[in-house]
Amino acid sequence: MNDPHLNDVEPDARFEKGVEHEVEAIVGKRIHKGRVQYKCKWRWHPLSSASWEDESDVLCKQLVQDYENRDVGSDLRFDDAPFPPLYAIVRVRHCKELNREYTVKVAKLDKDGIQLHYLKEPTRTKRSKKESLVGMKSAISLADFLRFYQWERERDEYEDERGAEG
């Protein structure tokens, strides 16, 4: 514990109490007990762990502004929906493997669950001896998908080129 080599080492701020988590998106708004609250989707956490936060506690003003400026009559945006649409190609991460991102196609989506068809090798931060899932299908209950997975739309090269031109 009292190693003299560690005297100059500063503690990592991520392990300090009261660390603020990063908000990825604002996905809802309500008035609760007379106060405005926003539903915050936290980065690296599934949508099911989103929480209601008082307006004064939400520090990401740009995300709040983006939420307020959306089309009022529109349905949930693609990325805000709890589940990806049927036949969509998306990237998914399991909450225990955040460094591993899989590209999958939603092969089935109904009350019994969601079936994912793995399309590409996952991105990795280090070598892993896990066998490849490419070509395999995985069935997951809807409750488990909400609880343990996060997903986002897979952007194709055509869309990226269009965005660069505009």
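Is Lys33 buried or exposed, and what is the relative accessible area of Lys33?

Guide: This is a predicted model, in which local features need pLDDT of at least 70, side-chain atom pairs count only at pLDDT 80 or more, and totals for chains, interfaces and linings use all residues. Residues are numbered from 1 along each chain as its sequence is written, and side-chain values use heavy atoms, with hydrogens and water left out.

Lys33 is exposed, with a relative accessible area of 70%; buried means under 20%, exposed over 50%, and partly exposed in between, with a 1.4 Å probe and protein chains only. Lys33 lies in the loop between strand 1 and strand 2, where strands (E, at least two residues) and helices (H or I, at least four) are DSSP runs numbered from the N terminus. Although Lys33 is not a glycine, its phi is positive, at about 55 degrees.

The two strands form a hairpin with two residues between them. Strand 1 (residues 23–32) and strand 2 (residues 35–42) run antiparallel and are joined by eight bridges; two strands pair if DSSP finds at least two bridges between them. Within this pairing, Ala25 stands opposite Lys41 in strand 2.

Strand 2 also runs antiparallel to strand 3 (residues 51–54), with four bridges joining them. Here Tyr38 stands opposite Glu53 in strand 3.

A positive phi in a residue other than glycine is also found at Tyr87, with a value near 70 degrees. Tyr87 lies in the loop between helix 1 (61–69) and strand 4 (89–94), and Tyr87 is exposed, with a relative accessible area of 54%.
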